[in-house]
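Q: I would like to learn how to read a structure such as this one, feature by feature. Please give me the general idea each time, and then the case at hand.

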Amino acid sequence: MEFKARIAELKEELIALRRDFHMHPELGFQEYRTAEKVETFLEGLGLFPKRIADTGVVALIEGRTPGPVLMLRADIDALPIKEENDLPYASVNDGVMHACGHDAHTAMLLIAAKVLTEYRNRIPGTVKLVFQPNEEIAGAEKLVEQGLMKNPDVNAALGIHIWTPLPSGQIGIQSGAVMASMDIFKIVIQGRGGHTGYPEGAVDPVIAASAIVMEAQRIQTREISLMKPTVLMFGKIEGGTKNNIIPDTVTLEGSMRYLYAGGSGSEEDPPARLKRLAEAVCAVHGCSCEVHVERENSAVVNDRDMVELVHKTASLIVGADKVVGHASMAGEDFSAYASRVPSAFVFLGTGNPSKESTYPHHNPRFNIDEDTMATGVELFVQSVFAYFGNTT
């Protein structure tokens, strides 16, 4: 209970930090002000933060003895969205907004760091604090490439995401895949342009494109088990210059998400299925096509033992009835860590109609129930001591 009381004493500071970050959002790999504020705070705790990937910040809390290394991660970047909230701490950077809760994540981990440094003599190991840039565009992999998981080697990782789809007071966690893979694709269909008055003299890529959009639904509803959620969506169709001209080419763009460890080479392999289908449909229509697929994020797959540890901790904090299973078809680059070490990624409910914090993530009206942040801080802190076998 001493942690809960200490965190309660720090609530005003926690909220002030979050509101400051919210007011000054920065896009991925442009988080210079945020990184400087994080560094200054950590230095004030007696830590020695270092930069990684230019705007990322890493610091170590070394405990009473050498031991395992547990990594705690917060993401710090914002989104290219114009805020529509009428708040005294609304974004002052036009067209940029913390519409996903990363401001809260950063504040929660800073306050958790403050508490953990005060109790560092109880930690038989090391806590690695990571303030990660550019989560929205898969920045985690760049940090890994620059040695984040080394010196010292990370043994396990924990991430918390504040989450408006869950009501305030609930914590969502389960083992297995909890956030989806995301591949983005581009299909360029080549036909032969002509006059709409005599289409028999052309090879119409518009018809082929329409057929691909319709037939691609087979992949997610007929070819892959419904027990393995797969979502294939087209977000952009582009082609043509005038209403009476059959174009030479049409381009389709979209995304594929799947809530399992799928991808190229897997049994399901949605990218390969899309390529085969697009090529076959184009052949029927006398067209050709090029299919380009790029992986943005792999699925976040939670480790069973880490989930059990965090589940027990969360149950002590909010009560077992408030800890629920939860997963999302959204993507998260925490997968770069979870694919390398046993990890847990947790959803912290912050949906509260009375505080207008039920808007979806990435919405210009997105906001949070700030009272839930203290729960996130405690979950970080208590999970550290549970991991090191030193719960209080």
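A: Let us begin with a term: helices (H or I, at least four residues) and strands (E, at least two) are DSSP runs, numbered from the N terminus. The model is a predicted one, in which local features need pLDDT of at least 70 and side-chain atom pairs count only at pLDDT 80 or more, while totals for chains, interfaces and linings use all residues. Residues are numbered from 1 along each chain as its sequence is written, and side-chain values use heavy atoms, with hydrogens and water left out.

Q: How many helices and strands does the protein have, and how does its radius of gyration relate to the globule rule?
A: The protein has 11 helices and 16 strands. The radius of gyration is taken over C-alpha atoms, and the globule rule is 2.2 Å times the number of residues to the power 0.38. For 392 residues the rule gives 21 Å, and the protein has 24 Å, which is close, so it is as compact as a globular protein of that length. Along the principal axes, the C-alpha trace spans about 80 × 45 × 40 Å.

Q: What share of the residues is buried, and what share of the contacts joins residues 24 or more positions apart?
A: Buried means under 20% relative accessible area, exposed over 50%, and partly exposed in between (1.4 Å probe, protein chains only); in this protein, 54% of the 392 residues are buried. Contact means heavy atoms within 4.5 Å, and among the contacts with a separation of 6 or more, 80% are between residues 24 or more positions apart.

Q: Which peptide bond is cis?
A: The bond from Asn151 to Pro152 is cis, with omega near 0°, and Pro152 lies in the loop between α5 (140-145) and β5 (156-167).

Q: How should I read helix α2, and what do its buried residues pack against?
A: An α-helix has 3.6 residues a turn, so residues three or four places apart point the same way. The expected span of a helix is 1.5 Å times one less than its number of residues; for the 13 residues of α2 (residues 11-23) this gives 18 Å, which agrees with the 18 Å between its end C-alpha atoms. The buried residues of α2 include Leu14, Leu17, Arg18 and Phe21, and the buried residues of this helix pack against α3 (32-44), α4 (102-118) and α11 (373-387).

Q: Which residues does Phe347 touch, leaving aside those up to four places away in sequence?
A: Phe347, in strand β16, is buried, with a relative accessible area of 0%. Leaving aside those sequence neighbours, Phe347 touches residues including His161, Trp163, Gly172, Met179 and His326. Phe347 and Gly172 are 175 residues apart in sequence and 4.8 Å apart in space, C-alpha to C-alpha.
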